[in-house]
Amino acid sequence: MGKARTVRFEDDVDPAVDRFIEKNDINFNKLVNLAVKEFISKPHTIELQPVDEAEWDKMMKKSSKKYTKILNGLVD
């Protein structure tokens, strides 16, 4: 058997937990275990994808047009 722990939900989360438990006929402990397992098993990092050179050039041209005044103010 696992260790007993206390969970304190934020005011806006607590009613949602009650509704979910009632609607889905799930035990509170089971819900917490499933949620924690799901949360800790997934990475919480941003995975960057490379941008091809043509797309990069397109974005840079668009940005430089949009922010020309700001960029010129930094140079002056």
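Patches, as used in these legends, are made of residues with over 30% relative accessible area and no salt bridge, with like charges joined within 9 Å and nonpolar side chains (Val, Leu, Ile, Met, Phe, Trp, Tyr) within 5 Å. Accessible areas come from the Shrake-Rupley method with a 1.4 Å probe, and for residues only the protein chains shown count as cover. A salt bridge is a side-chain nitrogen of Lys or Arg within 4 Å of a carboxyl oxygen of Asp or Glu.

This is a predicted model, where local features need pLDDT of at least 70, side-chain atom pairs count only at pLDDT 80 or more, and totals for chains, interfaces and linings use all residues. Residues are numbered from 1 along each chain as its sequence is written, and side-chain values use heavy atoms, with hydrogens and water left out.

View 1. Val51, Trp56, Met59 and Met60 make a nonpolar surface patch of about 370 Å². Tryptophan 56 sits in helix 3 and is partly exposed, at 46% relative accessibility. Here, buried means under 20% relative accessible area, exposed means over 50%, and partly exposed is in between (1.4 Å probe, protein chains only).

View 2. Helix 3 runs through residues 53-66, 14 residues in all. (Helices are DSSP runs of H or I with at least four residues, strands are runs of E with at least two, and both are numbered from the N terminus.) From first C-alpha to last, helix 3 reaches 20 Å, close to the 20 Å expected at 1.5 Å a residue; that expected span is 1.5 Å times one less than the number of residues. The number of buried residues in helix 3 is zero, so it lies largely in the open.

**View 3. The salt bridge.** The count is one salt bridge, and here it is: lysine 42 pairs with glutamate 38, their closest N and O atoms 2.6 Å apart. Lysine 42 is partly exposed at 46% relative accessibility, and glutamate 38 is partly exposed too, with 42%.

**View 4. Stepping back to the chain.** Read along the sequence, the pattern is α-α-α-α, with four helices and zero strands. The C-alpha trace spans about 65 × 30 × 25 Å along its principal axes. Of the 76 residues, 4% count as buried. The accessible surface comes to about 8,000 Å², and 56% of that belongs to carbon and sulfur atoms.
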